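Subject: Structure handover

Hello,

Please open the structure below and keep it on screen while you read. My notes follow it.

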Amino acid sequence: MVYKFRVILDAEEDIFRDISILADDTLEDLHNAIFNSFGFDGMEVASFYTCDDTWNQEDEIPMFDAGDVPGEQKIMSDYLLSDILDEENTKIIYVYDFINMWTFLVELAAVEEIVAGNIYPETIFSVGEMPDEAMEKHFFADDEEENYNEFEDDLDEDDLDMFEGDDSFEDFGFEENWN
């Protein structure tokens, strides 16, 4: 089977590519097709993210295993497209270059038969030119009332006066360690 994706750049202008790729190809193959289709050099790190029907980000699927235990984390090359995308689960998010955060909404638009003689993956439709810079992203905490000063100990400069003017550590019995 052939999966046909619409890959939309998260930008104000309409910038998207339609890509056809084999259902048995991997997420890594889709990654390669996307960065080639949009004119990137492929030298930056990228990840896919599963998401729900309203594009809420869920689990990360990275290019490389960066986990504490080698081989524990599944990566793009471990997933066939048909393993995670089908007629019911059609959406996935793609982020290329974690400095610039090029973000793409990737949606499975059709599942069709393989056309003899076609070479896959293939960019079958292209709209818009890539901007010079990615759109600025704004990230918001889930809990706006989260206490960021959880470890605040209420010490101020006056509390540190007890150390003022005392350059020796004799009072603490550590002078033998400072020779």
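Start at threonine 26, which caps the N-terminal end of α1. One of its side-chain oxygens lies 3.2 Å from the backbone nitrogen of glutamate 28. That is a polar contact, meaning a pair of N or O atoms within 3.5 Å; within protein, one must be able to donate a hydrogen and the other to accept it, and residues adjacent in sequence count only if both atoms are side-chain atoms.

A word on the source: this is a predicted model, where local features need pLDDT of at least 70, side-chain atom pairs count only at pLDDT 80 or more, and totals for chains, interfaces and linings use all residues. Residues are numbered from 1 along each chain as its sequence is written, and side-chain values use heavy atoms, with hydrogens and water left out.

**Overview**

The protein has two helices and seven strands. Helices (H or I, at least four residues) and strands (E, at least two) are DSSP runs, numbered from the N terminus. Along the sequence the pattern reads β-β-α-β-β-α-β-β-β. Of the 179 residues, 31% count as buried. Buried means under 20% relative accessible area, exposed over 50%, and partly exposed in between (1.4 Å probe, protein chains only).

**Helix α1**

This helix covers residues 27–37. Its buried residues are Leu27, Leu30, His31, Ala33, Ile34, Phe35 and Ser37. An α-helix has 3.6 residues a turn, so residues three or four places apart point the same way. Glycine 39 follows α1, and its phi is positive, near 85°.

**The sheet**

Seven strands form an open sheet in the order β4-β3-β5-β6-β1-β2-β7, with antiparallel pairing. Two strands pair if DSSP finds at least two bridges between them. Which strands stand at the edges? They are β4 (57–62) and β7 (122–127). Each has a single partner strand, so one side of each is left without a neighbour in the sheet.

Now look at β3, residues 46–51. Four bridges pair β3 with β4 in the antiparallel sense. Five bridges join β3 to β5, also antiparallel. Serine 47 stands opposite proline 62 in β4, and its bridge partner in β5 is valine 95. Phenylalanine 48 has isoleucine 61 of β4 as its bridge partner. The hairpin of β3 and β4 has five residues between the strands. There, tryptophan 55 takes a positive phi near 70°.

Is β3 mostly covered or exposed? It is mostly covered: six of its six residues are buried. Ala46, Phe48 and Thr50 point one way, while Ser47, Tyr49 and Cys51 point the other way.

**The cores**

A nonpolar core is a set of buried Ala, Val, Leu, Ile, Met, Phe, Trp, Tyr and Cys residues joined through side-chain atoms within 4.5 Å. The largest one has 33 residues. Phe5, Leu27 and Phe104 have the most contacts inside it. Elements giving two or more residues to this core include β1 (2–9), α1, α2 (81–84) and β6 (102–112). Helix α1 gives the most, with five residues.

Phenylalanine 5 touches several residues, among them Ile19, Leu30, Leu81 and Val106, not counting residues up to four places away in sequence. Contact here means heavy atoms within 4.5 Å.

A second, separate core has five residues, including Tyr49, Cys51, Val95 and Met101. Find Tyr49 and Cys51 on β3: they point the same way from that strand.

Best wishes
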